[in-house]
Amino acid sequence: QVQLVESGGGLVQPGGSLRLSCAASGSIRSINVMGWYRQAPGKQRELVAAVTTSGRANYADSVKGRFTISRDNAKNTVFLQMNSLKPEDTAVYYCNANIVVAGLITAGNYWGQGTQVTVSS
């Protein structure tokens, strides 16, 4: 019913930039918080950044000042601009959204399939 599709991952050198996108589609009534998580090999999935419908954002300390999250509410899309990338940013990045499906009242938590980001020289 609801699908999150990510794009924009890839291989980049240290200091480089990437921009991730995630579009939500399906029978959507409304979307609350949208965010990005990441999971590196052997580590737990962690929150990278999240943004509310009004545009209020919060970030993990490790990415503050380097990453910027934004969203286009009209297109049900969230973005993650990643600058000054470091090897330790290497991970699979997952889009997450809190969505109220059409015809329902309560929200559910939805995930994208993940996109690989590799920072290496």
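Residues 24 or more positions apart make up 56% of the contacts (heavy atoms within 4.5 Å) in the protein chain that have a separation of 6 or more. This is a predicted model, where local features need pLDDT of at least 70 and side-chain atom pairs count only at pLDDT 80 or more, while totals for chains, interfaces and linings use all residues. Residues are numbered from 1 along each chain as its sequence is written, and side-chain values use heavy atoms, with hydrogens and water left out.

What about secondary structure? The protein chain has eleven strands and zero helices; these are DSSP runs numbered from the N terminus, with E of at least two residues for strands and H or I of at least four for helices. As for burial, 40% of the 121 residues count as buried, meaning under 20% relative accessible area with a 1.4 Å probe, protein chains only (over 50% is exposed, in between is partly exposed).

Now zoom in on Arg 38, which sits in strand 4, residues 28-39. Is Arg 38 buried or exposed? Arg 38 counts as buried because its relative accessibility is 6%. Its side chain makes a polar contact of 2.9 Å with that of Tyr 93 and another of 3.3 Å with that of Ser 62. A polar contact here is a pair of N or O atoms within 3.5 Å; within protein, one must be able to donate a hydrogen and the other to accept it, and residues adjacent in sequence count only if both atoms are side-chain atoms. Leaving aside neighbours within four places in sequence, Arg 38 also touches other residues, including Gln 44, Glu 46, Phe 67 and Asp 89.
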